[in-house]
Structures are given as structure tokens and as C-alpha cells.
Amino acid sequence: MVTRERVEGVLNRIRPFMQADGGDIELLDVKGNSADVKLTGMCAGCPSAHMTLYLGVETALREEIPEFENLCLL
Amino acid sequence: MIPAPVSMDSVVIGKSARMRAVFEFLRVIANSDSTVLITGESGTGKEVTATLIHQQSRRKHRPFVAVSCALFSETLIESELFGHERGAFTGAIKDRPGRFELADGGTIFLDDIDDVPIGMQVKLLRVLQNRTIERLGGTRTVPVNVRVLAGSKKDLKQMVADGKFREDLYYRLNVLPLTLPPLRERREDIPLLMDHFLERYFRKTGEDVPQTSDVVKQAFMRYDWPGNVRELENACERIAQTCTCGTVRIGCMSPHILFRASTRSADPAIVETAAPSEAAPIALDDRLRALESNLIAWALKVSHGNKSRAAELLQIKRSTLGDRIARCGLARAHTSEEREPELATES
């Protein structure tokens with residue numbers, strides 16, 4: 001089952017990179033096998049960053065949690 | 001076919017001991033006419049090095065012909081390298097010189113020599129030994145004055161041992177062996193290469209080169225670069241194309257690199273957990289302590305030395321973390337010297 005803890009565990013791996021660069025990623029909700037997240041800080045407004053972080057985080061989540069389905073960037 | 005003049009500085013970059021050894025060797029063989037076998041993984045710069053060898057040689061004003069042996073089937077490669085006469089095969093409507101003839105007086109670079117089919121290897125060996133070629137379907141023997149450079153992704157010696165490469169051809173090629181190290185074995189060159197390529201690609205877009213955040217530099221240092229310098233070059237091109245905010249931050253990087261770099265941070269611990277392959281005794285307590293110490297060190301690094309945050313990462317109590325740090329003797333190590341590039345931005 002996809003739990004908040006497991007998702008946070010994966011986010012925590014990427015988070016240090018983001019925080020050191022003046023940004024962060026916030027886990028808003030876990031719905032079934034999907035999760036909603038929000039980017040904050042430096043990279044929040046940049047379309048390139050959205051692509052990088054969206055794909056990077058989703059890949060990480062799917063690798064760690066095989067049943068994980070979709071990451072929704074709000 | 002004649003490349004633009006190049007200098008050592010502009011094509012091959014590196015300050016690492018491994019690259020300095022390569023440069024020294026290139027200097028030594030500059031005036032030689034002997035065959036060079038350049039071995040290196042994909043993207044380590046075999047063709048760049050071949051170009052450089054040619055540019056430094058007495059043949060620099062003569063043609064440099066590079067050909068990838070992986071591109072052709074067995075019959076095609078023969079016609080490519082040695083040429084053919086009109087009517088040699090269906091579609092051979094006129095005489096065509098091969099790459100060896102085109103390179104006459106100059107240098108030929110046979111890249112992907114490890115992909116040459118075994119049947120073709122014997123023909124190549126004959127050419128290298130006699131320095132003459134015969135066009136496909138022709139009867140005339142043409143002498144060629146060509147310096148041969150060969151490139152290989154794989155260790156040819158191993159291929160010989162496996163029966164996939166002719167031993168005689170291997171010895172014929174391996175006169176001056178040159179091995180290009182993979183980028184992950186000369187990580188200290190990564191910042192230099194990064195600056196070089198970022199500069200090149202930002203100049204191309206007509207912009208000034210922006211600052212690069214430390215996190216991006218550290219992610220680049222951590223990533224394993226399976227595609228070597230070529231991959232790093234592409235990563236820099238991507239950054240130059242996508243960076244919109246005036247500073248290169250992690251958002252501009254490829255998601256793949258960010259993700260892989262983030263998994264690498266706990267790597268020392270992963271290595272430690274590997275079980276020995278033989279039935280050798282291991283001290284379990286020592287191994288566990290090493291693992292614990294590695295993971296705590298990692299948590300302290302990524303949390304910039306903030307112990308509460310590190311404790312959160314490890315999902316243990318703050319007070320427990322304090323005890324464990326003391327037990328592992330990390331307190332001193334952590335405050336003094338860092339063992340590997342790390343995330344905290346001290347500057």
C-alpha cells in the first residue's frame with residue numbers, strides 16, 4: 001500500500017538537493033496509489049524545473065514503491 | 001574530411017592523474033607512425049583523441065578519415081574500407097575508392113574495431129601487414145600509405161581470450177595501447193568539463209554563462225555518468241537550453257541525473273551491506289557499526305549538520321542520535337574534514 005510515510009521517505013531523498021537550492025517539495029495528499037505534491041521556493045515558477053522534478057520524483061517513487069501510479073504536481 | 005585545427009586544451013580536458021598520463025603518452029607518440037589502439041567506454045573521447053593524434057603527427061596536412069566499423073554489414077564494410085570496381089556487385093555502377101585509399105598519406109581511424117566480424121578480421125590483418133589493398137571485384141593491388149588508429153569499446157585482449165577476436169590482429173593493432181578512463185574514475189575532472197561545456201553551450205545561445213548552484217555541481221559529482229563525457233556534454237547542453245532564471249539550479253538538470261545522484265548518496269552504506277561471496281568469516285558487530293556510522297554520517301551531511309533533522313531522516317529520536325554519534329566516534333569526524341563531496345553548502 002502507498003502510505004504517506006513511504007512517499008515521504010522517497011521525497012526525503014530528493015529534498016536535500018532541493019532545499020540546498022532554495023526550494024522544497026510538499027506532500028499534500030496521498031490518494032490510493034497516487035500522490036499530490038507542490039513545489040515551493042526557487043524552482044516553483046520555472047517550467048524546466050517542473051519537468052525535472054516531476055519526472056525525477058515520479059521515477060524515484062515508482063522505483064521504490066512498485067505499485068505507485070501517478071504523481072500530480074499542483 | 002580534414003578537421004579544423006585543434007589544440008590539446010580545446011579537445012581533451014582533464015587535470016586528473018589518469019588524464020595527465022594520457023596527455024604524456026600522446027606527447028610521446030606524437031611523431032610516431034605506429035598503430036594506436038584506443039580503448040575506452042562509449043563517450044570517453046576515442047574519436048576526439050584520434051583526431052588529436054592525427055593533428056599532432058607529421059601527417060596533419062593529409063586526410064584524416066574516421067570510419068565506424070559498427071555501421072556496416074560484413075560485405076558492406078569490405079567495400080567501404082577497400083572500395084570496389086564497377087560491376088563487383090549489384091548496384092556497383094562505378095569504381096569507388098575505399099576509405100583506406102581516401103586516407104592515403106594520412107590517418108585512418110577504425111572505430112568500433114570490436115564490432116568487426118571475425119571473417120573480416122583476417123582481411124583487415126592482411127591489409128595492415130602488407131599495406132596494400134585490393135578493391136572488391138578488382139585484381140589490382142594498390143599500395144596505401146596510411147597510419148592506422150583503432151578504437152574499441154571492449155577490452156580486445158578479453159575478446160581474444162573469448163575467441164571473438166583474432167589474436168594476430170590484436171597484436172597487429174596493439175602496438176601503442178592507449179586507454180581512456182571512464183568519467184566516474186576521474187571525477188575530479190567533472191567541474192572542469194562542466195565549466196567548459198556550459199560555457200560552450202551558453203555562448204551558443206548568445207547568453208552569458210550564469211552561476212551554477214553548488215547543489216548542481218554536487219549532483220554532477222555524484223552521478224555515475226555511464227555515457228561518460230558525451231553524456232556530460234549533453235547534460236550541459238540541456239541546461240543551457242532550459243535554464244530560464246539566470247542561475248543554474250537543480251530544476252534545470254535532467255531528472256535522470258537528479259534521481260540517480262540522489263540514490264548515490266547512501267551508496268557507501270549499500271556497499272557495506274554486501275555479503276562476502278566466499279565462506280569467509282565476517283565480524284557482524286563491526287559490519288553493523290560501519291553501516292550505522294555510514295548512514296548517520298550521510299544523514300548529518302544532507303541535513304547540513306542539523307541533528308534534529310538528521311534524526312528525522314533516520315526516524316530515530318534526537319537523543320538516540322546523540323548517543324549513537326558518540327558511540328560511532330562521528331562527532332569529531334563530522335565537524336572536521338569531509339570524506340566525499342557533500343550537499344551542505346559551506347561556502
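In which sense do strand β2 (residues 34–41) of chain A and β3(A) pair, and over how many bridges? They pair in the parallel sense, over three bridges.

Some housekeeping before the tour. This is a predicted model, in which local features need pLDDT of at least 70 and side-chain atom pairs count only at pLDDT 80 or more, while totals for chains, interfaces and linings use all residues. Residues are numbered from 1 along each chain as its sequence is written, chains are lettered from A and ligands numbered from 1 in the order in which they are written, and side-chain values use heavy atoms, with hydrogens and water left out.

Now, chain A. Its three strands make an open sheet in the order β1-β2-β3, and the pairing is mixed. From one strand to the next, the twist averages 30°. Angles here run from 0 to 180 degrees between N-to-C directions, with axes fitted to C-alpha atoms, for helices over the stretch in contact.

Helix α1 (residues 4–20) of chain A packs on this sheet, where it touches β1 and β2 of chain A, and its direction makes about 165° with that of β1(A). Contact means heavy atoms within 4.5 Å. Helix α2 (residues 47–64) of chain A lies across β1, β2 and β3 of chain A, at about 160° to β3(A).

What about the other pairing? β1(A) and β2(A) run antiparallel, joined by eight bridges, and A:Asp24 stands opposite A:Thr40 in β2(A). These two strands form a hairpin with two residues between them, and A:Gly32 in the turn has a positive phi of about 60°. On the β3(A) side, A:Ala35 is opposite A:Leu71.

Let's move to chain B. Here an open sheet of five strands has the order β2-β5-β8-β1-β9, with parallel pairing. The edge strands are β2 (64–68) and β9 (176–179) of chain B; each has a single partner strand, so one side of each is left without a neighbour in the sheet. The twist averages 15° from one strand to the next. Inside the sheet, β5 (residues 107–111) and β8 (residues 147–152) of chain B pair over four bridges, with B:Leu110 opposite B:Ala150 in β8(B).

Finally, how do the chains meet? The contact takes 26 residues from chain B and 23 residues from chain A. Together the chains bury about 2100 Å², 67% of it on carbon and sulfur atoms; that is accessible area (1.4 Å probe) lost on being put together, summed over both parts.

The count between the chains is one salt bridge, meaning a side-chain nitrogen of Lys or Arg within 4 Å of a carboxyl oxygen of Asp or Glu. B:Arg260 forms this salt bridge with A:Glu63, and the closest N and O atoms are 3.5 Å apart. On the side of chain B that touches chain A, α12 (255–264) is one of the helices that each supply at least two residues. The largest share, seven residues, comes from α12(B).

Definitions and conventions:
Two strands pair if DSSP finds at least two bridges between them. Buried area is the accessible area (1.4 Å probe) that two parts lose on being put together, summed over both.
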